[in-house]
Each structure stands twice: as C-alpha cells, then as structure tokens.
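Welcome! Please take a look at the model below, and then we can walk through how its chains meet.

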Amino acid sequence: MTLFHVLDILGIISFAISGSLVAMRKKLDPFGVFIIAFATSVGGGTLRDVLIGAKPVFWMKNTEVIFLIIASYFFAIIFRKKLKYLNKSLFLFDTIGLGLYTIMGTEIGLNYNFHPIVIISIATMSASFGGVIRDILCNEIPVIFRKEIYATACVFGSITFLILHHFNVNESIIYASTSFIIISIRLVAVRFHLSLPTFYTKK
Amino acid sequence: MTLFHVLDILGIISFAISGSLVAMRKKLDPFGVFIIAFATSVGGGTLRDVLIGAKPVFWMKNTEVIFLIIASYFFAIIFRKKLKYLNKSLFLFDTIGLGLYTIMGTEIGLNYNFHPIVIISIATMSASFGGVIRDILCNEIPVIFRKEIYATACVFGSITFLILHHFNVNESIIYASTSFIIISIRLVAVRFHLSLPTFYTKK
Amino acid sequence: MTLFHVLDILGIISFAISGSLVAMRKKLDPFGVFIIAFATSVGGGTLRDVLIGAKPVFWMKNTEVIFLIIASYFFAIIFRKKLKYLNKSLFLFDTIGLGLYTIMGTEIGLNYNFHPIVIISIATMSASFGGVIRDILCNEIPVIFRKEIYATACVFGSITFLILHHFNVNESIIYASTSFIIISIRLVAVRFHLSLPTFYTKK
C-alpha cells in the first residue's frame with residue numbers, strides 16, 4: 001500500500017463525509033444523503049472519465065471506492081453530532097483530497113497527451129466538481145462559484161505539476177510540490193478569508 | 001412482441017406522462033414540457049449508458065422510444081384536465097416502469113460482468129434518475145431524496161434479481177419476483193405513507 | 001479560413017460572453033464566471049459528444065476553443081459596463097451561433113447515420129443546451145423552457161437542412177437556407193415577443 005493509495009482513500013472518505021453532512025443539513029432522507037455522499041465523492045472523477053471517454057467510469061472497475069463511501073456514510077450518520085468538532089480534520093482531509101485529485105487528474109491528462117490547458121481543466125474538474133454536483137443536487141448555487149479560493153488552488157497546483165514534469169523532475173518531488181502548493185493556497189485563503197474579488201453588472 | 005417489450009413501452013409512456021404533468025404544473029412552455037418529458041423518460045437509461053460507455057446511448061439506436069415519448073407528450077397535453085382522475089393508473093404505470101428499468105439495468109450490468117454493488121447502483125440509477133433530472137431541470141430538490149421509499153425499492157429489487165440469478169433460477173421467475181418485490185414495497189410504502197427515517201444535524 | 005470557421009468562432013465568442021454576463025449578474029466570483037462562460041459555450045457540444053460517444057469531447061482535441069473562451073471572458077469582464085449597449089450585437093452573435101451549432105449538430109448526426117428524429121434532437125441539443133446548463137448552474141429554471149421561441153428555431157432549421165440534404169441540394173445552399181430559417185424565426189419571435197402558447201394544469 002503506497003502513500004498515494006493512502007491519500008486516495010483519505011480523499012474519498014473526506015469527500016463522502018462532507019457530502020453526507022451537507023445533505024443531512026438539508027434534511028434529506030437516508031437514500032438522498034447516500035446519493036449526495038456518492039456524488040460528492042466520485043462526481044469529479046466521473047465527469048472526467050465521461051468527457052475523456054474512459055469506459056466504464058473508474059468506480060465501476062474499482063469497487064473498493066463504493067465500499068469506502070458506504071462506510072464513510074455510516075460514519076457520518078453515526079457521528080453526526082460529534083462531527084462539528086471534527087471540522088478542522090475534515091478541512092484537512094478535504095484539502096488533501098483536493099491536492100490528490102488534482103495530481104491524479106493531471107497524470108491522467110498527461111497519459112492522454114492532451115494540451116496543457118486541457119490537462120489543467122481536467123485536473124480542476126476532477127478535484128472540484130464533486131462539490132459542484134453536490135450543490136446542484138441540493139438546489140444551491142455551487143459554493144465554489146461564490147466563496148473562498150478553492151478551484152483556483154487546483155489550477156495553480158496543476159500548473160506546478162506540469163512545469164516540474166516538463167523539466168523531468170523526479171515524480172515524488174512533483175507530487176510533494178503540487179500538494180504543497182494546493183494545501184498552502186487553501187490554508188492561507190481560509191485563514192485570511194481570502195476570496196477572489198468580484199465584479200458585477202449594475203442593472 | 002413479448003411481455004418484456006410491452007412493459008418497456010408502458011414504462012416509457014408512464015415516465016413521459018409524469019414528466020409532462022410536472023412540467024405543466026411549473027407552467028413551462030410546450031418545448032420545455034417536451035424536454036422534461038424526454039428527460040424523465042430516458043434520463044436514467046442515458047446516464048447508465050454514458051457511465052458504462054455504451055455508445056451511442058440507447059434512444060439513438062432505438063428511435064421507437066422517441067416517437068413513444070412524443071405521443072405520450074401530446075396525450076398528456078390533450079388530457080391534462082382528465083389526468084387527475086388517472087393518478088392511480090399513473091402510479092401503477094410508474095411503478096411498473098420502476099420495476100422494469102430495474103430489471104433492465106440489472107441485466108445490462110450482468111452482461112458487463114460488473115461487481116454486484118456496481119450492478120445494483122446501475123439498476124437503481126436506470127430506474128430512478130429520470131425523476132432526479134426532471135426535478136433538477138424544474139429547479140427543485142429531487143423528490144426521491146425527500147419523500148417515500150422509491151429508489152430503495154429498486155435496491156431491494158436488484159438484490160433479489162442477483163440472488164436468484166446466482167442460484168440459476170429460471171429467467172421468467174427472476175423477472176416476476178423482482179417486479180413483485182419492487183411493486184410490493186412501493187404499494188406498501190405509499191399505502192402507509194412510509195418514508196425512510198431522517199436525521200439531521202442541529203445547527 | 002472558411003466562412004464556416006469564422007461563424008464557428010463568432011458562435012463560441014458570443015455564447016462565452018453571454019454566459020459571463022449572466023454569471024456576473026448573479027455576482028459569482030471570477031472562477032465561477034469563467035466556469036459559466038465555459039459551460040455556456042461548450043455545454044451543448046459536450047453533451048452531444050458524450051451522448052454520441054465521440055471521445056474525447058471536441059474541446060479537448062481543439063484547444064483553440066478554450067483560448068477563445070478565455071479571451072471572451074476577459075473581454076466581458078473588462079467591458080461589462082459597456083456591454084449593455086452591445087445587446088443587439090450580442091443577440092445577433094447568439095443567433096448566428098444558434099444557427100451554426102444547429103448546422104454542425106445536423107452534419108455530425110448525418111455522419112453517424114442516425115435516424116432523422118435523432119439528428120434533429122442532437123442538433124437542437126448542440127445549439128441550445130449550453131444555455132440550459134448555464135441556467136442550472138445559476139440555480140434558475142432554464143430560460144429556454146419559459147420564454148420566446150428559441151430551441152424551436154433549431155428544430156425547424158434542422159428539418160430544413162435534412163429536407164434539402166435529402167434532395168441533394170448543394171452544401172452551401174443548405175447552410176445558407178438553414179441559417180436563414182433559424183435567424184428569421186428568432187428575429188420575428190423577438191421582434192413580436194412571440195412565445196409558444198402555454199397551458200397549465202389547474203391545481
């Protein structure tokens with residue numbers, strides 16, 4: 001079991017727990033909560049696989065993912081009252097997941113020999129669209145469109161990966177640097193409540 | 001024309017009528033009503049085909065489906081005032097459709113040699129996601145996430161199918177048993193207003 | 001550079017600007033505005049490619065599209081206050097885009113030898129679903145389901161294309177006629193505030 005694999009599992013768990021919590025706040029029934037947990041966890045990667053044309057989508061080949069989500073779902077339900085104290089660990093897991101999915105998305109894009117701008121798009125979607133789907137299913141404007149620097153961190157992470165890869169840097173250093181960039185941007189953004197500046201059209 | 005084919009047609013018709021009625025209640029224009037009818041009817045199977053990688057999606061190869069939806073759409077528009085008396089027949093058709101799409105989804109999953117948990121997911125999506133897409137397009141939280149046992153019936157139906165299939169039970173008995181389980185669960189749930197219990201996080 | 005190519009570029013630009021403007025009105029952050037611009041511009045064609053099974057989706061092979069969207073996005077942000085005077089040109093571009101995407105969708109459908117009703121569906125989706133996705137992401141009922149004749153114009157355009165194609169009419173005449181039909185329907189509809197008649201179910 002590699003470090004990559006451990007991080008992958010942590011990412012899936014964390015996204016599944018985050019989806020369950022949001023769905024419970026919306027007072028959905030247990031089936032609805034499960035669907036939201038599932039969609040949050042695999043949504044980004046599923047969209048990636050569908051757009052690339054990888055078939056079938058990853059979680060149909062790797063069922064471990066489904067069992068991890070089921071376990072995380074029960075965990076979130078059982079410990080739903082305690083989880084408010086876990087906010088910090090959740091944020092950490094979520095950020096780790098974000099970093100990892102960006103790395104995975106970038107690697108997959110490189111394997112397909114896509115143009116860098118396409119690879120960055122794929123990596124960002126892999127990492128952040130689970131949350132977008134979660135919010136659409138809950139009938140809200142996706143939170144990443146409104147608050148805090150989130151997907152932006154993936155964009156910079158993926159660019160870092162591509163630059164280092166271009167110069168043939170060792171793979172483990174690429175992984176570490178990409179994760180470091182993403183985690184740092186997220187930590188700084190949340191710590192100082194940084195958002196992207198907005199502009200709006202007067203009516 | 002087999003019984004399977006008859007049920008398939010009834011399922012498509014019933015989902016198309018249910019979509020048309022919901023869209024008319026939302027006061028959409030005729031084009032919008034048609035899109036909702038179409039999405040409700042083929043949405044679940046389309047998602048299934050896209051995720052599995054079956055190309056093109058089923059209704060592009062089998063255009064009979066499109067003409068059935070068009071006919072159901074006009075039927076729903078013309079008889080929109082009478083259809084309130086048809087609620088019971090609609091509920092029946094809808095439940096038949098649910099049973100049938102679960103059977104079809106399970107069979108397709110078996111043909112692809114997926115893991116049982118993946119097959120159950122595919123079957124449940126085939127049967128219930130048309131309604132989810134309908135509700136998202138109408139800007140509502142999907143009703144199956146909130147009320148009554150619906151997708152849960154598909155899960156139990158698909159499990160029944162897989163168990164009987166494992167023991168090499170005759171196909172027509174598998175079909176009948178799966179349908180029986182799904183229809184019974186739905187009837188009991190609606191008759192006694194059963195929902196899954198909910199839990200929610202205190203703010 | 002052919003006329004077809006010029007129109008293609010104008011269509012992408014116009015849809016990207018329209019998406020940016022809607023997202024800014026919703027006060028999304030810059031990343032959200034970009035995603036909406038992107039989804040509005042490529043959403044219809046992406047859905048088309050995913051349903052047909054063309055892989056990967058068109059903008060992963062043709063990155064020019066992504067750079068055009070990025071440029072349009074910055075244009076829309078910089079000139080957001082002036083763009084209210086541009087409404088008419090935008091409407092024109094949008095209508096040109098509508099015509100062009102209908103033509104492209106119809107051609108792609110013909111190449112796949114689909115049934116005419118499937119080709120018309122594909123063409124209409126290519127042209128109009130970018131706007132549907134834009135509205136879903138912004139948490140609104142898609143505007144094309146409610147106001148003015150929009151997708152209906154695509155349906156008639158695609159039918160015109162297929163009829164002329166059936167009689168082996170010269171390609172450039174088919175393009176011109178299809179565009180003419182679509183643009184005329186849109187202009188007349190908007191000029192006289194024509195909508196499809198609605199009907200609704202009394203509660």
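## How the copies meet

Only 10% of the interface residues of chain B are also interface residues in chain C, so the copies meet through different surfaces. Contact here means heavy atoms within 4.5 Å.

Before going on, please note that this is a predicted model, in which local features need pLDDT of at least 70 and side-chain atom pairs count only at pLDDT 80 or more, while totals for chains, interfaces and linings use all residues. Residues are numbered from 1 along each chain as its sequence is written, chains are lettered from A and ligands numbered from 1 in the order in which they are written, and side-chain values use heavy atoms, with hydrogens and water left out.

## Two interfaces

The table sets out the two interfaces. Buried area is the accessible area (1.4 Å probe) that two parts lose on being put together, summed over both.

| Chains | Residues in contact | Buried area |
|---|---|---|
| C and A | 30 residues of chain C, 33 residues of chain A | about 2,800 Å² |
| B and C | 30 residues of chain B, 32 residues of chain C | about 2,800 Å² |

Between chain C and chain A, 75% of the buried area is on carbon and sulfur atoms. On the chain C side, C:D29, C:F31 and C:M60 lose the most area to chain A, together 23% of what that side buries.

Which helix gives the largest share of the side of chain C that touches chain A? That is α2(C), with eight residues. Helices (H or I, at least four residues) are DSSP runs, numbered from the N terminus. By class, this side of chain C has 20 nonpolar, four polar and six charged residues. Ala, Val, Leu, Ile, Met, Phe, Trp, Tyr, Cys and Pro count as nonpolar, Asp, Glu, Lys and Arg as charged, and the others, Gly among them, as polar.

Between chain B and chain C, the count is zero salt bridges and two residue pairs in polar contact, both at pLDDT 80 or more.

## Backbone details

Most residues other than glycine have a negative phi, and most peptide bonds are trans. The bond from A:K55 to A:P56 is cis, with omega near -10°, and A:P56 lies in the loop between α2 (30-52) and α3 (58-61) of chain A. A:N168 is not a glycine, yet its phi is positive, about 55°. The loop that holds A:N168 lies between α7 (151-166) and α8 (171-191) of chain A.

Definitions and conventions. Helices (H or I, at least four residues) and strands (E, at least two) are DSSP runs, numbered from the N terminus. A salt bridge is a side-chain nitrogen of Lys or Arg within 4 Å of a carboxyl oxygen of Asp or Glu. A polar contact is a pair of N or O atoms within 3.5 Å; within protein, one must be able to donate a hydrogen and the other to accept it, and residues adjacent in sequence count only if both atoms are side-chain atoms.
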